[in-house]
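Below are some questions on how the terms used for this structure are assigned, each with its reply.

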Amino acid sequence: MEATLMVLHLLLILVMGFSVESQLQTGFYSSSCPKAEAIIRATVESHFKMDPTIAAGLLRLHFHDCFVQGCDGSVLIIGPSAERNAPQNLGLRGFEVIDDAKSQLESLCPGVVSCADILALAARDAVDLSDGPSWSVPTGRRDGRISLSSQATSLPSPLESITAQRQKFAAKGLDDHDLVTLVGQTECRFIKYRLYNFTATGNSDPTIKQSFLAQLQAVCPKDGDGLNRIALDRDSQNKFDVSYFKNVRDGNGVLESDQRLWDDAATRNIVQKYGGTFRGLLGFRFDFEFPKAMVQMSSIEVKTGTQGEIRKVCSKFN
């Protein structure tokens with residue numbers, strides 16, 4: 001999960017009264033392509049067995065798609081000015097999984113299953129395979145015909161303040177339950193400033209717990225090329241659980257934006273709840289709320305009916 005100006009932690013999203021879910025339908029392909037969801041699941045599972053970290057990549061890919069132009073597969077398009085090439089999207093992973101599933105579905109049900117729906121279903125399956133919750137995904141999304149890198153500025157940045165991130169989420173109808181995460185990786189080049197030059201005077205970020213700072217510096221040496229990969233969730237990077245929240249609580253957040261969650265009163269309360277520090281709520285509240293949040297997030301500004309198209313190849317317009 002590496003990029004210069006993007007949200008490198010996966011965001012859990014709850015929506016404030018905003019929903020277009022009614023435009024979608026659970027089991028949308030039950031007649032037109034009844035094996036669609038099974039094929040997508042099998043494809044994700046095949047890739048997951050080879051590389052479990054792909055699960056976090058697929059979830060983040062879905063988020064980045066939905067936050068720009070809505071959940072319409074626009075992030076999958078290849079082109080010099082396409083969304084995929086924006087600085088915020090460099091390092092996105094999982095494209096080959098979507099392409100693999102699409103190829104199989106086009107052979108079985110040509111022109112039926114959208115790339116946007118494949119991405120939404122693949123994100124659900126990725127969470128499930130990582131020992132997380134599963135949920136019914138309403139489908140019926142159509143693929144967009146616009147993909148512009150210039151529009152990716154609407155994505156929140158891990159370098160932004162909580163206030164700035166709130167504003168971007170509010171523009172999508174999203175609330176304070178946004179700044180929580182799953183699992184992933186980043187590259188050392190995106191956190192070295194925290195380790196060696198946080199205040200431009202050679203100091204490290206004082207919010208990093210000293211014992212954790214030593215671990216990070218060992219993986220990311222000052223004179224290194226910055227390409228070493230490091231897990232955002234150091235305890236269980238390939239498993240869907242709540243250890244990330246404990247890390248933030250204990251001063252072990254890898255990204256600056258992770259640790260800022262603890263500095264803000266409202267988001268700190270959410271981290272505490274999901275981290276299990278309130279009345280033994282460890283994991284339960286998170287597993288209960290996450291599926292609801294994902295259904296809402298994956299409904300943002302969807303295209304349905306006669307809008308958009310059903311791409312034959314996910315990486316290019318018809």
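Q: In which helix is D117 found?
A: D117 is found in helix α4. Helices (H or I, at least four residues) are DSSP runs, numbered from the N terminus. The model is predicted: local features need pLDDT of at least 70, side-chain atom pairs count only at pLDDT 80 or more, and totals for chains, interfaces and linings use all residues. Residues are numbered from 1 along each chain as its sequence is written, and side-chain values use heavy atoms, with hydrogens and water left out.

Q: Why does D117 count as buried?
A: Buried means under 20% relative accessible area, exposed over 50% and partly exposed in between (1.4 Å probe, protein chains only). D117 has 0% relative accessibility, so D117 counts as buried.

Q: Which residues does D117 touch, not counting residues up to four places away in sequence?
A: D117 touches Y29, T139, G140 and R141, with that exclusion applied; contact means heavy atoms within 4.5 Å.

Q: What makes the pairing of the D117 and Y29 side chains a polar contact?
A: A polar contact is a pair of N or O atoms within 3.5 Å; within protein, one must be able to donate a hydrogen and the other to accept it, and residues adjacent in sequence count only if both atoms are side-chain atoms. The side chains of D117 and Y29 make such a contact at 2.5 Å.

Q: Which residues of α1 are buried, and why are they said to line one face?
A: A36, I39, I40, T43, V44, H47 and F48 are buried in α1. Seen down the axis of α1, these residues fall within an arc of 170 degrees, so they line one face of the helix. The arc is that of the directions from the helix axis to the C-beta atoms. On the other side of α1, A38 and K49 are exposed.

Q: What covers the buried residues of α1?
A: The cover includes α2 (54-67), α3 (95-108) and α4 (115-129).

Q: Why are the buried residues of α3 said to line one face?
A: In α3, the buried residues are F95, V97, I98, A101, K102, L105 and E106. Seen down the axis of α3, they fall within an arc of 160 degrees, so they line one face of the helix. These buried residues pack against α1, α2 and α4.

Methods. Helix = DSSP H or I, 4+ residues; strand = E, 2+ residues; numbered from the N terminus.
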